[in-house]
Each structure stands twice: as structure tokens, then as C-alpha cells.
Amino acid sequence: MSQNVEQSNATVAVVGAGVVGLCCALEAQRKGYQVTLFDRDAAGCGASFGNAGYLATELLEPLSNPKVLRSALSLWLSPKAPLFLPLGYFHRIVPWLLRFVGAAGAATLRRSRKGLMQLNREAIAAWQRCLEDIGATEQIVKSGYLLVWESADKVDEARQHQAWLREHSIETELVQGERLAQLEPELAKRVNHALLFPDACRVSEPYQLCTRLFSAFIERGGVFIQQSVTQVRPSGQQVTVFTEAQDHRYDAAMICAGVWSKTLLRDMGINVPLEAERGYHLTIPEAGFMLRHTIGSAERRFVMGPLDSGLRVVGMTELGGLKLPPFKQRFDVLRYHSRQLLPGLNTPELEVSEWMGHRPTLPDSLPVIDRHPQHPQILFAFGHQHLGLTQAAVTAELTLKLLQNEASMIDMELFKVNRF
Ligand SMILES: Cc1cc2nc3c(=O)[nH]c(=O)nc-3n(C[C@H](O)[C@H](O)[C@H](O)COP(=O)(O)OP(=O)(O)OC[C@H]3O[C@@H](n4cnc5c(N)ncnc54)[C@H](O)[C@@H]3O)c2cc1C
């Protein structure tokens with residue numbers, strides 16, 4: 001049992017055992033609550049299962065920004081593009097797209113940048129605190145990140161990005177030629193230059209991290225109920241969590257159900273413009289080589305990284321909702337791009353597993369970390385888009401501060417549930 005746990009009889013329910021819910025459950029235990037975690041699946045089987053495992057603290061630009069909007073049409077129309085809007089879902093996504101475009105306006109952009117900066121600045125330290133407490137610091141690896149460009153005429157673009165990052169206290173090194181080849185020998189010669197982020201971290205394996213968090217939670221006396229939660233409803237000063245089988249009462253509840261949080265909130269009368277941003281991965285257990293860094297392509301817009309489960313290739317932003325099955329073409333696009341950058345993958349007999357998951361995304365790229373406006377015993381922690389792994393531990397600390405009415409150094413107004 002952790003030393004900073006003070007025993008209490010207050011009870012908390014956490015709905016959703018993804019990386020965000022798991023971190024919240026552990027943090028609530030640390031603060032002395034009796035915690036029950038609900039998930040319809042085993043822990044860590046939602047978006048948290050198959051992400052790239054990269055702690056992307058340098059991603060300070062919201063998804064909706066003037067540069068992305070200017071290139072959106074070409075990104076969408078190219079067959080190998082990272083953006084895809086399935087026609088069958090197009091009419092349903094239009095209202096969200098309009099909000100997304102609106103979020104690129106100057107005022108929202110400023111707020112979003114500020115929010116991302118505040119969360120990302122604290123993200124690694126929060127992970128270290130969480131993992132030290134459960135004796136699992138080996139789950140974070142400082143392996144560095146390479147952001148690569150193939151076009152020689154984009155060296156200035158890299159320099160500009162480097163200058164912008166420096167303004168935000170993120171140091172990088174522009175690498176080319178022999179130095180780049182030594183850093184990452186498997187990269188294709190077509191890669192002309194890269195920015196090296198020497199201090200960047202990843203996790204050793206995202207699903208393994210979730211199972212590690214989950215076992216610590218159970219060892220500390222946490223209760224796991226594997227049932228679908230149908231409703232969360234205030235009951236006087238308490239809260240009732242309804243499942244298909246029974247209902248349970250707690251002193252407080254936290255909704256950490258990723259993209260599915262939207263339905264639970266709607267049943268409480270709160271509408272949030274939360275959308276599923278579908279992303280795809282390939283995992284190659286035996287590629288015959290291992291990358292040394294996580295690698296992102298600035299031009300092709302996908303990421304590859306070394307994980308304990310193998311070489312993982314991730315990417316695609318597909319606004320296709322929750323019901324459509326994965327599209328085979330998206331996996332083929334990832335295969336194509338990864339083979340262009342890593343010639344060692346051009347071996348037809350390589351075993352590859354394929355996966356698609358739902359990033360929980362709000363138009364302004366910020367999560368909701370807040371309390372119910374009328375029922376403060378209900379808290380919300382969801383909507384972390386591409387950064388849920390990065391921001392899970394800091395989100396848990398902030399959510400518990402809210403529950404305990406403690407002040408925080410972060411401007412929590414940015415993450416309000418009713419900001420839309
Ligand atoms: C391809 C891809 C790559 C990514 N790469 C990165 C990366 O490198 N770095 C990074 O920081 N982020 C990355 N992300 C984003 C990150 O994975 C997500 O933001 C994060 O996993 C969200 O975590 P979560 O706990 O909020 O949601 P989830 O992991 O989706 O968990 C939600 C859980 O709630 C459960 N649930 C939902 N509704 C109910 C209900 N009614 N009753 C019971 N249980 C319920 C679900 O079963 C699920 O287990 C990536 C995402 C994708 C798809």
C-alpha cells in the first residue's frame with residue numbers, strides 16, 4: 001500500500017478503465033477513497049489499447065488551426081492522405097466540422113494553445129509520480145523522437161518549427177546526413193532531415209501499461225465490475241451508477257469513458273460535441289530490426305515507434321463515428337507509408353496485426369476536466385484526442401483536486417464541460 005494513502009470510508013466510482021480512468025482510480029485510492037472501477041470490457045481495451053505509446057508533450061498546436069484548415073481539402077482528396085471522411089457518415093459529421101472550423105478562430109485558438117501547454121508541461125512529471133508510487137517506472141522510456149522530412153526544400157520549414165518550439169522551451173537538434181543515419185540506421189535514404197527531440201519519452205507498451213496500472217489498483221483493494229454502465233444519476237448528495245445487472249451508490253463518480261462519455265452525459269442533460277476520431281495501427285512483432293526512436297513524418301503525417309509488442313505504425317484521422325467497421329484501405333495506406341520510410345519492412349512474409357480505435361475528440365482539442373455544474377459529486381475526465389496517453393496522469397491529479405476542492409496551478413476554466 002502506498003505511503004501517502006490516508007484511509008477513509010468515502011466511496012468513488014470510476015466509469016471507464018482506459019488509461020485515463022485507470023490513472024483516476026489509482027489517484028483516488030492514493031487520496032484514501034474506496035474505489036470501484038467499471039468497464040464493459042477488460043481494462044485498457046478501448047483507445048488506450050493500441051495507441052503509438054508516445055508521450056507527445058511537444059504537440060502544443062490544436063488540431064483545428066489555420067494551417068490545417070488551409071490544407072484540409074488536399075489532405076482529404078488524396079487517396080493516401082491521413083484524413084478520411086466516410087461518405088455514409090458525412091451528413092452526421094457536418095455540425096461537428098463547423099465547430100471544428102470555428103475553433104481555429106483567434107480567441108479559441110489562444111485558449112486551446114494555453115490549455116495544451118498547461119497540461120503537457122506537467123504530463124511527464126505526473127506520470128513519474130504515478131509510476132514511482134506503484135513501482136513501475138520502467139514503463140516510461142526516454143528514447144527520443146525524430147520528426148522527419150523527405151523534401152530537401154523543407155529544411156527551412158524544420159528550422160521555423162525548431163524556432164517556434166524553442167519559444168516554448170522545447171529544445172531540438174536539426175540533423176541530416178551521416179548524423180541522421182547514425183541516429184536511426186533503418187531510415188530510408190529518401191529522408192533528408194529531421195528534428196531530434198532528445199528528451200522525448202514513450203511508454204514501453206500502452207496495453208501493458210494499462211494492465212500494470214490495473215493490477216496496482218486491484219492490489220490496493222480496488223473493486224472492478226465488468227459491466228456496461230447504462231446511466232449515472234445524482235441521488236441527493238450521492239450518485240447512483242446503473243448497470244444492466246444492478247445499481248450501486250457512491251459518494252462521487254468520475255466519467256472517464258473516452259468517446260462513449262457523450263452518451264452518459266447526454267442522459268444527464270449535458271450535450272458535448274465529442275466525436276470519434278478513428279485511428280489505425282499496424283504492429284509488426286518481428287520486423288527483424290528495432291527502431292531506436294519514435295519517428296513522426298511531418299509530410300506523411302503518421303508515426304512509427306518501438307514497443308515491447310513490436311514495431312508499431314499508427315496514423316489516420318477518420319471521422320466515421322462509432323459503428324462503421326475499420327476500412328482495409330487505411331491499413332494499406334499505413335503499410336505504404338511505413339515501407340517508404342523503412343525499407344526493411346519490404347518483406348512480404350512479415351506477420352502484422354491490425355487495429356482501429358476511437359480517439360475522443362472535442363472541436364477545440366482540449367479535454368473536459370470538470371465537475372457537473374449542478375451536482376459536484378459527479379466529475380468528468382474525457383476528450384483527450386491524440387494526447388490521452390500523454391495527459392492521463394496529470395488529468396487524474398487535476399480531477400482529484402477538483403473532487404477535494406483543492407486549488408491547482410492550472411487554469412481549470414479552460415476545461416469546463418459547458419464551454420461549448
Ligand atoms: C491510433 C491511435 C494512436 C494514438 N497515439 C497516441 C500517442 O502516441 N500518445 C497519446 O498521448 N495518445 C495517443 N492516442 C490517443 C489515446 O489513445 C487516447 O486519447 C486515450 O487512450 C483515451 O483514453 P480514455 O481512457 O479516455 O479512453 P478509452 O481508452 O477509450 O477508454 C474508455 C473506456 O470506457 C469504457 N466504457 C465506455 N462506455 C462505457 C460504459 N457505458 N460502461 C462501461 N464502460 C464503458 C470503454 O470500454 C473503454 O475501456 C492515440 C489514439 C489512437 C486511436
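Predicted model: local features only at pLDDT ≥ 70, side-chain atom pairs only at ≥ 80, totals over all residues.
**Exercise 1. Find Leu-334 in the model and work out whether it is buried or exposed.**

Residues are numbered from 1 along each chain as its sequence is written.

Next, count neighbours. A residue is buried if 20 or more other C-beta atoms (placed from the backbone) lie within 10 Å of its own, exposed if 12 or fewer do, and partly exposed in between. Leu-334 has 24 other C-beta atoms within 10 Å, so it is buried.

**Exercise 2. List which residues Leu-334 is in contact with, leaving aside its neighbours within four places in sequence.**

**Exercise 3. Describe how helix 1 and helix 10 pack.**

Two packed helices are described by the angle between their axes and the distance between the axes. Axes are lines fitted to C-alpha atoms, for helices over the stretch in contact, and angles run from 0 to 180 degrees between N-to-C directions. For helix 1 (residues 19-30) and helix 10 (residues 388-403), the angle is about 35° and the axes are 8 Å apart.

Then see who meets whom: the helix 1 side includes Val-19, Cys-23 and Glu-27, while the helix 10 side includes Gly-388, Ala-392 and Leu-400. By class, this contact has 10 nonpolar, 3 polar and 2 charged residues. Here Ala, Val, Leu, Ile, Met, Phe, Trp, Tyr, Cys and Pro count as nonpolar, Asp, Glu, Lys and Arg as charged, and the others, Gly among them, as polar.

**Exercise 4. Say how many residues surround the ligand, and which elements give two or more of them.**

The shell holds 42 residues, the closest being Gly-18, Gly-46, Gly-258, Gly-279 and Gly-388; to count, a C-beta atom, placed from the backbone, must lie within 6 Å of the ligand. Helix 1, strand 15 (275-284), strand 19 (353-361) and helix 10 each give two or more residues. Finally, sort the shell by class: 20 nonpolar, 18 polar and 4 charged.

Notes: Helix = DSSP H or I, 4+ residues; strand = E, 2+ residues; numbered from the N terminus. Contact = placed C-beta atoms within 7 Å.
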